Amino acid sequence: MLDSATQLVDLPGNPQPEGTSAGYVTTPDGIRLRFAYWRATASPLKGTITLLQGRAEFIEKYFETVNDLRSRGYAVVTFDWRGQGGSERLLNNPRRGHVDDFSDYLTDLDTMLTNVTLANLPGPHFALAHSTGGAIILHGTERLATRLERAVLTSPLIGLGRIGWPPAIVSPLAHALSGLGFGTAYVPGGSDTIRQPFEGNWLSHDERRYERMHRILDAAPHLEIGAPTVDWLAAASRAMKQFASADFGPSMRLAVLMIGAGNDRIVSTRAIEQLAKRTRSARYLEIPGARHELLMESDFYRDQALEAMDAFFSNA
């Protein structure tokens, strides 16, 4: 059912963690973001993790991970990016995953850090970011180095994987379509849903966790978005071009651990490894055989990611 006090979806098999504080905060450019946070349930207190979701995700998908992090001694904050989950949508069709530029996501993150994370929860402060969330961290590393101690990026969107169009044509095609006035349209072939059957999926080996996401969306279809828009893809392409530049890695000051999934078809694991190799402040770990959503994977893969994260933060 929908909890009217917090607007979080509470379901059997995916209950809302105890001690939830939740609400909405408005960004300087007027976008309403949904957030939630929790205190640690174990001691000693290790600090606070701001958990940054990937594209098309939402707070409820991470309830299990929130409980795992709390039991390891971390307070946790998470929120829905603009245009997805329970945050304000940006287009008349609320299913279109849209953003004009990744700097808009940095406005979301800065708003959350200032008004929620740093205002309510103890340091040291860390970030755990998945996929698009990892790209946003990298896009803003200059300013985030003064606000976060360290960040762990799981399957960060640094380069595209083995799906859809050849990576070399993605950026010019997206920018051409945007220039022709199709920026708020779905990418070619996109639709109002990205749900796929478990069999043959590219996200996780774990059927229980995979189907749990679908049950949440069945109960709360307003949380779902479909494919990205042309402008979203153009914005992502600009960010990835920045990451590929020769001077990007050496200039990065924030200490990060990049965790690649060995069997990732969504993003390029090789691009992640290459960026980490030329970045003095970065470390790289690859989990062989894992699919894209490391925090939604089967325990064999997921536990490796969580242990690596905990060790990296504990040594800050």
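How many helices and strands are there in the chain? There are nine helices and eight strands, where helices are DSSP runs of H or I with at least four residues, strands are E runs of at least two, and both are numbered from the N terminus. The radius of gyration is 18 Å, close to the 20 Å that the globule rule gives for 316 residues, so the chain is as compact as a globular protein of that length; the radius is taken over C-alpha atoms, and the rule is 2.2 Å times the number of residues to the power 0.38.

Before we go on, please keep in mind that this is a predicted model, in which local features need pLDDT of at least 70 and side-chain atom pairs count only at pLDDT 80 or more, while totals for chains, interfaces and linings use all residues. Residues are numbered from 1 along each chain as its sequence is written, and side-chain values use heavy atoms, with hydrogens and water left out.

Along its principal axes, the C-alpha trace spans about 55 × 45 × 40 Å. Of the 316 residues, 56% count as buried, meaning under 20% relative accessible area with a 1.4 Å probe and protein chains only.

Let's start with helix α1 (residues 63-71). Its buried residues are Phe 63, Glu 64, Thr 65, Val 66, Leu 69 and Arg 70. They pack against strands β2 (32-38), β3 (47-52), β4 (74-79) and β5 (125-130), as well as helices α6 (207-219) and α9 (299-314); contact here means heavy atoms within 4.5 Å. After α1 comes Gly 73, with a positive phi near 100°.

Now to helix α7 (residues 230-244) and its partner α5 (residues 167-182). Their axes come within 8 Å and cross at roughly 140°. That makes α5 oblique to α7, since angles under 35 degrees count as roughly parallel, over 145 as roughly antiparallel, 65 to 115 as roughly perpendicular and the rest as oblique. Axes are lines fitted to C-alpha atoms, for helices over the stretch in contact, with angles from 0 to 180 degrees between N-to-C directions. Among the residues that meet are Val 170, Ala 174 and Phe 182 in α5, and Leu 233, Ala 234 and Arg 238 in α7. By class, the contact of α5 with α7 has seven nonpolar, four polar and two charged residues.

Helix α3 (residues 132-139) also packs with α7, at an angle of about 55° and with the axes 10 Å apart. These two helices are therefore oblique to each other. Here Thr 132, Ala 135, Leu 138 and His 139 in α3 meet Trp 232, Ala 239, Gln 242 and Phe 243 in α7.

Methods: Ala, Val, Leu, Ile, Met, Phe, Trp, Tyr, Cys and Pro count as nonpolar, Asp, Glu, Lys and Arg as charged, and the others, Gly among them, as polar. Buried means under 20% relative accessible area, exposed over 50%, partly exposed in between (1.4 Å probe, protein chains only).
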